[in-house]
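User: Please walk me through the helix packing and the ligand shell in this model. Keep it brisk.

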Amino acid sequence: MEYLTPKQIVQQLDRYIIGQKEAKKSVAIALRNRYRRSLIDEKLREDITPKNIIMSGPTGVGKTEIARRLAKLVEAPFVKVEATKFTEVGYVGRDVESMVRDLVEAAIRMVKNKKMESIREKAEIAAENRILDVLLPTKKRKQTNPLGILFQSDEEIDTDYANEEEEATSLSMVNTREKFRQRLKLGTMEDTLIEIEVEDSKYSGIGFVPGIGNEDMLIQIQDVFGSIMPRKTKKKKTTIGEARRIFEQEEAQKLIDMDEVIEDATEAAEQHGIIFIDEIDKITGREMSSGPDVSREGVQRDILPIVEGTTVMTKYGPIKTDHILFIAAGAFHVSKMSDLIPELQGRFPIRVQLHNLTQENFEQILTQPENALLKQHRELMKVENIRLEFSQEAITEIARISYMLNQSSENIGARRLYTVMEKLMEDLSFNAEDLSGQDILIDAKYVKNALKELVYQEDINKFIL
Ligand SMILES: Nc1ncnc2c1ncn2[C@@H]1O[C@H](COP(=O)(O)OP(=O)(O)OP(=O)(O)O)[C@@H](O)[C@H]1O
Ligand SMILES: [Mg+2]
């Protein structure tokens, strides 16, 4: 695992997110502290708990985006949950502990993927052999032992049908097999159709279990049954290329030691896990204290112990939450941070405010990030064989109009750029077939003209309202 320094983390985030220096700095420090902690003497280490972060700021300024980028950046188990999805314990819906279970699942996936890499070659060879078995069936007869279904399914019983004649042909069969292997390696047969047997992943027979309201519990029950019931297989016609992919997956699955994966994953989740709780402001129930709001404060109370440090049972075993890092975020424009129950506020000692984006920020967002909006549109048009460019004045104009629209109607942050760009590109997108092969430069005049309607509409809306 590669550990980035705070500066490097900020640098990486800078590639996608404009501004919001403080927020980037806080998350960077929090991450680095986990690394520092992991190197400390064990006795002291247990006492150092992560400093949870709460991010507040208007909508569409990068709160979720920071979390998303962070997740890709760090090789740590990471989940993003919406606080609004939870219901108080005892009610139908997701209980808050499911966020920890999700984290463990994420950790399992992460560790498994890593292990997959290391056994990939073996799985590839095994998959190739299975394809060859399909193409050139050997004399092995596969019989299913009735008891095998209950105990060790898939036991193969070799029945010795080989007579002399067949023995004579077996040598030439080996040769044929090797020839086919070469062809497979060359990839010349990828589109050939074959019929293979694949595991039927659907759970057999258990759908709705009456009396169980909790979704997580249902899934767990299905898991338990899923592992007891014999794996069903079904026949499937597919290309060799696809069969290769399926077989590689299945073979890799067999090669991986799941116990080891679980052990590594639970350790990773406990020590390095990050849970991002989005929309935390939406579970403050102060505005109106009737109806579902009553349980909102309940959700806050349920979250408390998890943030504080507790043990949550998961299907992979108990998980201690003491050292999981929590990052919460919310717009807090209707409710305030102080509307959260005090105990919860106290468990998020680091507070960062994200700022409203300026017109200049908009210009940067359009052009600078690695996945910048203008780049996206340029690439989309390239598919239609159109070379699209934007003049500097056009970019300024797009930013100016977006900023203005945010001021005059609802402020939706950088999301405004998306609606404005869609409008701007509408005509070009629609008429792309007629413009194929051309170079098109979008200048300020084009922008003004294309967005005329949008600006005008907003004016009218304001007038009517
Ligand atoms: N500072 C920024 N730099 C680059 N892109 C940004 C920035 N802020 C927002 N965006 C873009 O705007 C979109 C919305 O941002 P994001 O999802 O982070 O909003 P948010 O702050 O979580 O808002 P909400 O409170 O509504 O959830 C994203 O697609 C993101 O790419
Ligand atoms: Mg968000």
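**Helix packing and ligand shell**

Analyst: The crossing of H5 and H9 is right-handed; a crossing is left-handed if the near helix is turned anticlockwise from the far one by less than a right angle, and right-handed if clockwise. Helices (H or I, at least four residues) and strands (E, at least two) are DSSP runs, numbered from the N terminus. This is a predicted model: local features need pLDDT of at least 70, side-chain atom pairs count only at pLDDT 80 or more, and totals for chains, interfaces and linings use all residues. Residues are numbered from 1 along each chain as its sequence is written, and chains are lettered from A and ligands numbered from 1 in the order in which they are written.

User: At roughly what angle do the axes of H5 and H9 cross?

Analyst: Axes are lines fitted to C-alpha atoms, for helices over the stretch in contact, and angles run from 0 to 180 degrees between N-to-C directions. The axes of H5 (residues 98-135) and H9 (residues 240-255) come within 7 Å. They cross at roughly 125°.

User: Which term describes how H5 and H9 lie to each other?

Analyst: Angles under 35 degrees count as roughly parallel, over 145 as roughly antiparallel, 65 to 115 as roughly perpendicular and the rest as oblique. H5 and H9 are therefore oblique.

User: How many charged residues does the contact of H5 with H9 have?

Analyst: Two residues are in contact if their C-beta atoms, placed from the backbone, lie within 7 Å. Ala, Val, Leu, Ile, Met, Phe, Trp, Tyr, Cys and Pro count as nonpolar, Asp, Glu, Lys and Arg as charged, and the others, Gly among them, as polar. On the H5 side, Met116 and Arg130 are among the residues that meet H9, whose own set includes Phe247 and Glu251. The contact has 11 nonpolar residues and no polar ones; the charged number six.

User: What is the hand of the crossing where H5 passes H10?

Analyst: H5 and H10 (residues 258-272) pack at about 125°, with axes 8 Å apart. They are therefore oblique to each other. The crossing is right-handed.

User: How far apart are the axes of H1 and H2?

Analyst: H1 (residues 6-14) and H2 (residues 21-38) pack at an angle of about 135°. Their axes are 8 Å apart.

User: Which helix gives the most to the shell around ligand 1?

Analyst: A residue is near a molecule or strand if its C-beta atom, placed from the backbone, lies within 6 Å of it. Of the 18 residues around ligand 1, Thr59, Gly62, Thr64, Glu65 and Ala414 come nearest. The top contributor, with three residues, is H4 (residues 63-73).
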